[in-house]
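Notebook open. I want to look up helix packing, the nonpolar core, some backbone angles and a few pairs of residues.

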Amino acid sequence: MALVSGLVLVGAILQVRRDRQNRHRIACYQAWEVQLTDYLFKGGYERGSFGPIPHADRWLFRNFLARYQSTLAGQESEVLRQLYLGLDIHLSLPRRLRSRDPRVRAMAAQEIGAFRLDELTETPPPPVADRPWRWNPGLRIEGYLNLVLPLLDDPVPYVAHVAARTLTHSQDLRFASPVLAWVMREEVYQRERLLRVLEGFGPGLLPWMKDHLESPDQNPEPWILFALLVGSHRHRDSQPRLLWLLEVPHVNLRVSVLKSLIILADPTIYPKVLPFASSPVWEIRTQAARALGVLGGPSAIPALLPLLADRVFEVRRNAAQSLVDLGRAGVSALTWIAEDASADRFARDIARERLEWADERGHL
């Protein structure tokens with residue numbers, strides 16, 4: 001009984017303490033939001049003073065600045081970065097990156113990316129004992145990204161994910177190889193989320209991948225990411241490499257290449273895509289059905305009509321959608337199929353379904 005009473009008392013004390021911290025955090029944030037508005041937009045930064053920050057609240061202020069840094073751009077973003085650096089909050093980053101608390105490690109890695117600690121700065125030199133980098137006035141602060149690199153092997157997936165995002169947002173291709181290796185072995189996050197990480201490197205990653213990846217015959221998985229990144233960046237210079245990859249007999253690679261070719265929408269490659277409409281693999285036919293409409297225009301109608309009778313619904317649906325997207329010519333073809341009693345039953349059904357779908361949305 002005494003033990004239960006003691007646990008209840010400890011729990012109540014912890015809850016009261018947490019409530020008090022939350023109220024204090026909310027009060028600080030409300031006050032700082034007003035000060036930040038004056039500092040950024042009413043000339044406060046020109047006077048060089050944000051206002052006093054109690055030493056005990058500096059960790060809270062650090063989180064406050066990181067929260068707003070991601071919402072700003074241009075001059076305001078740079079002013080906020082200088083405010084962060086001027087408070088010397090970043091001096092504790094090497095220690096926080098080694099913290100036993102994963103939330104602290106993740107926050108430290110996020111700060112390095114948010115405040116662009118690898119870029120030029122004019123901040124005064126830190127104490128010699130606290131210099132983890134080679135500091136020079138007006139030159140790049142070096143060393144922080146190298147400290148983030150080991151976090152790619154962090155046992156907590158979220159920490160490794162934040163570290164990868166920080167490294168990619170630096171757009172420093174020195175980190176392309178370890179980040180790509182982390183992406184390839186990552187099993188927690190979906191491919192789309194990992195692609196968002198790699199997009200942080202920008203289109204400059206694509207030439208690097210061309211030069212450094214193994215042959216797609218030996219290891220096609222990284223080339224799948226390459227193909228999808230080409231689409232994400234709409235990188236037309238990589239289209240010849242996409243067409244080369246289209247010749248590799250790997251289903252997921254061909255599907256990814258076709259997705260990106262749809263985004264690039266170059267009509268001159270229509271003849272190269274046309275044969276994939278008759279692929280024995282339905283995933284490839286599904287993407288080919290969309291690609292033909294985008295690349296071929298009305299001239300693709302004869303190739304799309306047979307796909308309306310495909311045995312796989314996704315192929316029929318994409319072919320019908322491609323016809324709808326072609327406008328009057330495609331809708332006329334769908335209407336002809338829908339009203340033809342001698343047409344394939346599945347083709348008539350999907351034609352009617354797409355026509356109704358388009359009519360409901362005012363696309364007819």
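I began with helix α1 (residues 2-41) and helix α4 (residues 74-86), which pack at an angle of about 120° with their axes 10 Å apart. I take axes as lines fitted to C-alpha atoms, for helices over the stretch in contact, with angles from 0 to 180 degrees between N-to-C directions. Helices here are DSSP runs (H or I, at least four residues), numbered from the N terminus. The model is predicted: local features need pLDDT of at least 70, side-chain atom pairs count only at pLDDT 80 or more, and totals for chains, interfaces and linings use all residues. Residues are numbered from 1 along each chain as its sequence is written, and side-chain values use heavy atoms, with hydrogens and water left out.

The crossing of α1 and α4 is right-handed (the near helix is turned clockwise from the far one by less than a right angle; anticlockwise is left-handed). I listed the contact, meaning heavy atoms within 4.5 Å. From α1 come L36, Y39, L40 and F41; from α4 come E76, V79, L80 and L83. I sorted this contact by class: 7 nonpolar, no polar and 1 charged. Ala, Val, Leu, Ile, Met, Phe, Trp, Tyr, Cys and Pro count as nonpolar, Asp, Glu, Lys and Arg as charged, and the others, Gly among them, as polar.

Next I looked at L85, also in α4. L85 has 1% relative accessibility and therefore counts as buried (buried is under 20% relative accessible area, exposed over 50%, partly exposed in between, with a 1.4 Å probe and protein chains only). I checked its separation from L258: 173 residues in sequence and 46 Å in space, C-alpha to C-alpha.

Helix α14 (residues 251-264) packs on helix α16 (residues 282-296) at about 15°, with the axes 9 Å apart. The two are therefore roughly parallel (angles under 35 degrees; over 145 is roughly antiparallel, 65 to 115 roughly perpendicular, the rest oblique). α14 passes α16 in a left-handed crossing. Among the contact residues are V251, L258 and I262 of α14 and I284, A288 and L295 of α16.

Which residues have the most contacts inside the largest nonpolar core? I found W32, F61, V179, L292 and L308, in a core of 111 residues. Such a core is a set of buried Ala, Val, Leu, Ile, Met, Phe, Trp, Tyr and Cys residues joined through side-chain atoms within 4.5 Å. Helix α12 (residues 221-233) gives the most to this core, with 8 residues. I followed F61: leaving aside neighbours within four places in sequence, F61 touches W32, F50, I53, L83, L87 and I89.

Then backbone angles. Most residues other than glycine have a negative phi. Q171 has a positive phi, near 55°, and lies in the loop between α8 (157-169) and α9 (176-185). A265 has a positive phi of about 55°. I placed A265 in the loop between α14 and α15 (270-273); A265 is partly exposed, at 35% relative accessible area.

Last, R317 in helix α18 (residues 313-325). R317 is partly exposed at 30%. Leaving aside neighbours within four places, R317 contacts I350 and R354. R317 and R354 are 37 residues apart along the chain, with C-alpha atoms 7.8 Å apart.
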